Amino acid sequence: MPVKLQGLEDNARKTSISELQACMTDGLSLSMALKQAHWNLRGANFIAVHELLDAVKARLDPNVDELAERIQQLDGAAVGTVEEVAGSTSLKPYPTDLTKSADHIREISDRMRNYGERVRAAIDATEKAGDATTADILTAASGQADKDLWFLASHLE
Ligand SMILES: [Fe+2]
């Protein structure tokens, strides 16, 4: 049985579903990139960065989960398989040949910026469409992403 949230126009619902799906896709892609960096980096500050990357992922994943679950509340269907994410993420493929800590931090920071930018665009779009609740969920994700980008980027000169 559909959830059928009341007081929400159909066009707002459709806009929110597609914006949430796009952000969720980039969030899942970023989440996997964080693990790739967590496993492969090397250098003097290894343990600090290794642990920070896992902490960032642990804060990102529940936000991505909220985006997916909001899609379901809107009677959409969240698509989160690795095959679909690989085909539709707007993030660049994460390099698999990096070892230097600074290179990983730079690559992850670039993707955090792209994810943050995509989420900000979704906040604007869902607000304009009249779905303040979705905009609010996206705003929470955006605030966390900005803070974690600061943690990561501050390692670079
Ligand atoms: Fe680990």
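A helix here is a DSSP run of H or I with at least four residues, numbered from the N terminus. With that in hand, let's look at this predicted model.

Q: Where is Lys4 found relative to helix 1?
A: Lys4 is found in the segment before helix 1.

Q: Why is Lys4 called exposed?
A: Exposed means over 50% relative accessible area. Lys4 has 57% relative accessibility, so Lys4 counts as exposed.

Q: What makes the phi of Lys4 worth a look?
A: Lys4 has a positive phi of about 50 degrees, although Lys4 is not a glycine. For background, most residues other than glycine have a negative phi.

Q: Which residue just after helix 2 takes a positive phi?
A: That is Asp75, with a phi of about 65 degrees. Asp75, too, is a residue other than glycine. Asp75 is found in the loop between helix 2 and helix 3 (82–88).

Q: Why is Asp75 called partly exposed?
A: Partly exposed lies between the 20% limit for buried and the 50% limit for exposed. The relative accessible area of Asp75 is 30%, so Asp75 is partly exposed.

Q: Why does Arg13 count as buried?
A: Buried means under 20% relative accessible area. Arg13 has 17% relative accessibility, so Arg13 counts as buried. Arg13 is found in helix 1. Leaving aside residues up to four places away in sequence, Arg13 touches Leu8, Leu74 and Asp75.

Q: What makes helix 1 roughly antiparallel to helix 2?
A: The axes of helix 1 (residues 10–40) and helix 2 (residues 46–73) come within 9 Å and cross at roughly 160 degrees. Angles over 145 degrees count as roughly antiparallel, so helix 1 is roughly antiparallel to helix 2. Their crossing is left-handed. Sorted by class, the contact of helix 1 with helix 2 has 15 nonpolar, five polar and five charged residues.

Q: Why is Gly130 called partly exposed?
A: The limits are again 20% for buried and 50% for exposed, with partly exposed in between. Gly130 has 49% relative accessibility, so Gly130 counts as partly exposed. The place of Gly130 is in the loop between helix 4 (101–129) and helix 5 (132–153). The C-alpha atoms of Gly130 and Leu53 are separated by 35 Å, and these residues are 77 residues apart along the chain.

Note on methods. Residues are numbered from 1 along each chain as its sequence is written. This is a predicted model: local features need pLDDT of at least 70, side-chain atom pairs count only at pLDDT 80 or more; totals for chains, interfaces and linings use all residues. Side-chain values use heavy atoms; hydrogens and water are left out. Axes are lines fitted to C-alpha atoms, for helices over the stretch in contact, and angles run from 0 to 180 degrees between N-to-C directions. Helices (H or I, at least four residues) and strands (E, at least two) are DSSP runs, numbered from the N terminus. Angles under 35 degrees count as roughly parallel, over 145 as roughly antiparallel, 65 to 115 as roughly perpendicular and the rest as oblique. A crossing is left-handed if the near helix is turned anticlockwise from the far one by less than a right angle, and right-handed if clockwise. Ala, Val, Leu, Ile, Met, Phe, Trp, Tyr, Cys and Pro count as nonpolar, Asp, Glu, Lys and Arg as charged, and the others, Gly among them, as polar. Buried means under 20% relative accessible area, exposed over 50%, partly exposed in between (1.4 Å probe, protein chains only). Contact means heavy atoms within 4.5 Å.
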